[in-house]
Amino acid sequence: MRSSTTIQLQIGNAIPPGNEKETGEIIELWHHANTFFNDRPFTAQGQLNGAADSYHISLDAGDLIAAMESARNQSGSFSKHQLAHVEDPGKATTAGFSIVVSSDSHTTTEEESYQVATIFIQQLVMAINLLRPGALQILDSRFTGEGAHKYEAQNYDSRLYYGALKASQDNQWPPLKTLSLEEVWSWLEDTESSRTDTALKSINKVLFTLLKVAQQRHEYSARTALLVMYQLEIMLECRQINSLSDLRNRIALIFENFPGSANWLSELHEARNGLVMASVPVHRPPLICHTTGNALRKQSGQHCAAVESGTALVLALLHDLIAEKAQRYRFSETMVRD
């Protein structure tokens, strides 16, 4: 007898940024995801520090899709709708979706179901941002329904990943591939990232840090630069404090058109070192509203362009691994005497 539980997530700010073309692409992606995640096998930890178990997952994103389509119909694009919402709170940005967690082998407990649903949402954040950076926004979120008050929903912003997409487009580098949900999800399953709460493999360290980057809001300070630099150094196997030249050389091995000057890479490196040496400014957590984003970009100690370009490179490297069905790069130095 199959045991199933429905977990409901309400999102106060669910409309990501996007122009008219991007808005249509995002809505199309969510229609596909809504069909794709129908009674899909999912292996995950049912409890913290516990062993992984087999489940089935179904996603009902109908309410989210309806909210996105309404935003497009009212305002023409998601970005225009966000601006319209500032003047008219009736231009809603709220939405939600539900997740059915089921098991064929045992009766799932309430806490187990929330644990599995939370891991699935995290995998969904990774997958969507790999497919279409910035297409998922979960802000001001909360679980609803019986017993939901005992569990805290996690929040993930779309701003940084959307910024990475625009940086890639504006700079015409790094190249981001067009991938399918099927191949991205299959690759994520192969990494076994849903089966552990502690990343030991390099690829899972990078994937878990994708989630931490998605939790960053307006501030792209040295702390955010550290997270991005950490991902690059893990993937490119450059873990020395003075690894900048090795990073450049290895990026050039993977992407032949790498612009060697890439000042943003030096900025990331310096920001990381400055944080370690405690020589960077520290700002109080800011008020988050529609006007403070631009002001923060001009604040001393912010690394917006560098963080966005660095995140674009992280995505491009992951795209390359996914396309090649690989999980890591291996580099070897050789020496020849003539």
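Modeller: The second largest cavity has a volume of about 30 Å³. This is a predicted model, in which local features need pLDDT of at least 70 and side-chain atom pairs pLDDT 80 or more, while totals for chains, interfaces and linings use all residues. Residues are numbered from 1 along each chain, and side-chain values use heavy atoms, without hydrogens and water.

Biologist: What makes the second largest cavity a cavity, and which residues line it?

Modeller: On a 1 Å grid over the protein atoms alone, a cavity is a set of points where a 1.4 Å probe fits but cannot get out; a pocket is an open set with protein on both sides within 12 Å along at least five of seven lines; lining residues have an atom within 4 Å of a point. By that test the lining is Val125, Met126, Asn129, Tyr161, Leu210, Leu211 and Ala214.

Biologist: How is the lining of the second largest cavity divided by class?

Modeller: Six residues are nonpolar, one is polar and none is charged. Ala, Val, Leu, Ile, Met, Phe, Trp, Tyr, Cys and Pro count as nonpolar, Asp, Glu, Lys and Arg as charged, and the others, Gly among them, as polar.

Biologist: What is the volume of the largest cavity?

Modeller: The largest cavity has about 50 Å³, and α4 (residues 110-131) gives the most to its lining, with three residues.

Biologist: Which helix gives the most to the lining of the largest pocket?

Modeller: Helix α3 does, with five residues. The largest pocket has a volume of about 840 Å³; of its 27 lining residues, Gln82, Arg159, His218, Cys289 and His290 are the closest to its centre. Its lining has eight nonpolar, 13 polar and six charged residues.

Biologist: Why are α8 and α10 called roughly perpendicular?

Modeller: The axes of α8 (residues 222-235) and α10 (residues 263-276) cross at roughly 115° and come within 8 Å. Angles of 65 to 115 degrees count as roughly perpendicular (under 35 is roughly parallel, over 145 roughly antiparallel, the rest oblique). The two helices are therefore roughly perpendicular to each other.

Biologist: Which residues of α10 make the contact with α8?

Modeller: Leu265, Leu268, His269, Ala271, Arg272 and Leu275 do, where contact means heavy atoms within 4.5 Å.

Definitions and conventions
Axes fitted to C-alpha atoms, helices over the stretch in contact; angles between N-to-C directions. Helix = DSSP H or I, 4+ residues; strand = E, 2+ residues; numbered from the N terminus. Points joined across faces, edges and corners; volume = space filled by probe spheres on them.
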